[in-house]
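Please keep the sequence and the three-dimensional view at hand while reading.

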Amino acid sequence: MNTIATTPPAAGTASAAVDARALVEIRRVRKSFGAHQVLRDVSLAVPEGTVTVLLGPSGSGKSTLLRCINHLESIDGGRILVDGELIGYRQAGHTTHEMTPRQIARQRRDIGMVFQKFNLFPHLTALENITEAPVGIAGVPRAKAKARARELLDRVGLADFAGHYPSQLSGGQQQRVAIARALAMDPKLMLFDEPTSALDPELVGDVLDVMRELANDGMTMIVVTHEIGFARGVADQVVFMDGGVVVEAGPPGEVLDRPQRQRTRNFLESVR
Amino acid sequence: MTTAPAAPAEQGIAVAPDATDDDVRAIPLRRPWRWIGAAVVLLFAAGFLTSVLTNPNIDFAAIGQFLVDPRIFDGVVLTLVITLIAMIVSTLLAIVIAAMRLSSNPVLSSVAWCYVWAFRGTPLLVQIVLWGYLGLLYEQLTIGIPFTDIVFWQIDTNVLITAMVAGLLALTLNQAAYSSEIVRAGMLSVDEGQREAAFSLGMSPLYTFRRVLLPQAMRVIIPPMGNETISMLKNTSLLSVIAVLEIYTQATVISSQNLKQVELLIVASLWYLLMTSILSIPQYYLERRFGRGSSRTLPPTPWQRLRATFTTRRAVEPAPETKAVSAV
């Protein structure tokens with residue numbers, strides 16, 4: 001009940017609408033900052049084309065877990081696989097060895113990430129923010145990358161803002177550019193780290209709309225958020241974390257409406 | 001104002017007193033001390049200028065003559081060449097030292113710290129003389145592997161290290177210590193989120209440094225580097241102690257022959273002023289280039305500003321007549 005099967009969902013389960021294989025497999029991941037254990041044996045599977053929302057109080061380890069998936073944080077034990085590929089490490093018998101920065105960079109191309117504080121490159125225009133990685137890293141011809149960037153800007157509702165610098169955009173607009181920037185690398189997986197937490201309330205909706213559309217298009221997404229409404233409407237799976245462990249996980253109807261654990265209930269009451 | 005068709009005369013009377021009541025002329029505070037202060041300063045400035053211009057001990061004809069003397073020209077060119085080479089090489093070195101200082105390798109960061117400590121902690125003049133005396137310290141200079149007999153290249157010190165090379169070495173190595181701290185401050189000014197965003201897009205550390213971190217650090221680095229360039233230009237005069245023929249040395253050589261010391265110092269100073277004034281122009285454009293995106297609108301270039309003052313008259317348009325009438 002309190003952990004998710006590390007194997008692909010069995011045929012008989014209720015949420016078997018998605019019978020895809022797991023795109024992300026997190027197995028017994030452990031992580032400490034000094035003496036403080038942030039993740040204790042976390043296991044999780046994210047089927048391809050589904051949306052997983054990570055909920056939990058601050059300090060529960062949900063952001064750290066997200067940052068481990070693209071190796072912005074290294075892990076101390078366990079393993080993380082994306083599309084069957086071990087992230088950040090190569091295996092030799094019973095141990096794994098960390099990859100070189102160059103090899104890790106190669107893996108990160110397939111994993112998009114959106115940050116709480118947008119982290120757009122302030123010295124580049126919206127368009128240049130989007131084309132920088134495809135042109136400089138993936139070797140896409142500039143004209144082609146520009147056309148794609150305009151397409152993406154249109155998709156996030158910012159077609160008229162290609163020439164604007166981040167400082168000339170509102171928070172909500174910046175975050176949508178950041179989403180377009182991540183999508184420009186054609187990732188298999190998108191990670192969202194509290195994408196709406198730094199936004200003014202009236203700007204949250206636009207960003208959530210873009211994410212909702214992305215989910216409808218079949219993008220595999222892992223989202224750390226406090227937006228319970230978004231979790232209820234979009235998530236295929238809701239994972240509640242506290243104290244570095246997965247307390248409860250399942251379809252939103254179960255975890256959000258009929259939580260089994262007291263800790264989950266307390267949390268849901270506090271954010272409501 | 002005359003919208004109401006009915007009884008215009010009566011309404012005019014009703015509105016007018018209200019409008020005139022609020023129509024008050026606001027007179028700014030008078031500041032007599034500003035005028036008095038300005039007059040006193042101008043008086044002293046005029047007094048000083050007259051005392052210089054009418055001084056019979058200054059040979060103005062000589063100043064005019066030596067301002068365009070070919071020896072002075074040679075000195076100006078050499079000063080500029082030394083400044084340029086020393087600044088470029090020291091900046092490259094400074095980036096390496098700053099990267100070492102910021103590295104997590106304790107040996108590299110301590111060596112970088114010691115370098116800055118030594119070169120910043122001793123006077124530039126002493127360093128210049130020391131490099132001039134390098135030949136006394138090492139008769140031969142050798143490139144090879146330390147503690148072995150493997151030698152790739154060897155040369156007589158006094159052949160390689162001429163006064164010019166010694167001077168360049170001293171200025172470059174000293175400047176690198178200062179510049180490395182400026183570069184380091186610039187790197188520290190870039191938000192950590194920028195590195196993470198670049199990494200998450202699959203950029204390698206080197207690419208991230210080159211395309212994301214350095215351009216942003218430049219915004220912080222350029223203004224103090226402009227200062228350093230101007231300092232460098234003036235510090236080249238210290239090379240006179242090892243007889244490098246830059247402009248100050250040229251001026252003293254000439255004045256030791258014709259005994260017009262003050263005149264030649266004025267000549268040199270005028271050239272220094274001209275050179276430092278010209279040097280601040282590229283700095284302005286560099287700041288503009290790397291300031292992209294940091295403010296909502298770029299400031300106009302001096303050229304644009306100049307054009308604007310000539311094309312638009314100073315005439316301030318009167319405020320449009322307001323249609324709003326206080327509602328009673």
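The sections below describe each chain, their contact, and selected details.

## Chain A

The structure is a predicted model. In chain A there are 9 helices and 12 strands. The radius of gyration of chain A is 19 Å, close to the 19 Å that the globule rule gives for 272 residues, so chain A is as compact as a globular protein of that length.

Of the 272 residues in chain A, 49% are buried. Among contacts in chain A with a separation of 6 or more, 64% are between residues 24 or more positions apart. The UniProt record, an unreviewed entry, places the feature "domain: ABC transporter" at residues 24-268 of chain A. This span is 37% helix and 28% strand, and its end C-alpha atoms lie 26 Å apart.

## Chain B

Chain B has 14 helices and 2 strands. Buried residues account for 24% of its 328 residues. Where contacts in chain B link residues at least 6 apart in sequence, 73% of them join residues at least 24 apart.

For chain B, an unreviewed UniProt entry lists the feature "transmembrane region" at residues 35-55, 75-100, 112-138, 150-171, 238-258 and 264-286. Residues 112-138 of chain B are 85% helix and 0% strand, with end C-alpha atoms 24 Å apart. Residues 264-286 of chain B are 100% helix and 0% strand, and their end C-alpha atoms lie 34 Å apart.

## Where the chains meet

How many residues of chain B are in contact with chain A? The contact involves 21 residues of chain B and 25 residues of chain A. On the side of chain B that touches chain A, helix 10 (192-200) and helix 11 (205-235) of chain B each supply at least two residues. The residues on that side of chain B comprise 8 nonpolar, 9 polar and 4 charged.

## A pair of helices in chain B

Helix 4 (residues 70-102) and helix 12 (residues 247-258) of chain B pack with their axes 7 Å apart, at an angle of about 155 degrees. An angle over 145 degrees counts as roughly antiparallel, and therefore helix 4 of chain B is roughly antiparallel to helix 12 of chain B.

From helix 4 of chain B, the residues in this contact are Arg71(B), Ile72(B), Asp74(B), Gly75(B), Val76(B) and Thr79(B). They meet Ile247(B), Thr249(B), Gln250(B), Ala251(B) and Ile254(B) in helix 12 of chain B. The residues of the contact divide into 5 nonpolar, 4 polar and 2 charged.

Lys234(B) belongs to helix 11 of chain B. Is Lys234(B) buried or partly exposed? Lys234(B) has 14 other C-beta atoms within 10 Å, so it is partly exposed. Lys234(B) and Leu188(B) are 46 residues apart in sequence, and their C-alpha atoms are 29 Å apart in space.

Ser280(B) lies in helix 13 (residues 261-290) of chain B. Because Ser280(B) has 12 C-beta neighbours inside 10 Å, it counts as exposed; the cut-off for an exposed residue is 12 or fewer. Along the chain, Ser280(B) and Val165(B) are 115 residues apart, and their C-alpha atoms are separated by 27 Å.

Terms used: Residues numbered from 1 in each chain as written. Chains lettered and ligands numbered in written order. Predicted model: local features only at pLDDT ≥ 70, side-chain atom pairs only at ≥ 80, totals over all residues. Helix = DSSP H or I, 4+ residues; strand = E, 2+ residues; numbered from the N terminus. Rg over C-alpha atoms; globule rule 2.2 N^0.38 Å. Buried ≥ 20, exposed ≤ 12 C-beta atoms within 10 Å, placed from the backbone. Contact = placed C-beta atoms within 7 Å. Nonpolar A, V, L, I, M, F, W, Y, C, P; charged D, E, K, R; others polar. UniProt positions renumbered as here; feature names shortened; annotations may be inferred. Axes fitted to C-alpha atoms, helices over the stretch in contact; angles between N-to-C directions. Parallel < 35°, antiparallel > 145°, perpendicular 65-115°, else oblique.
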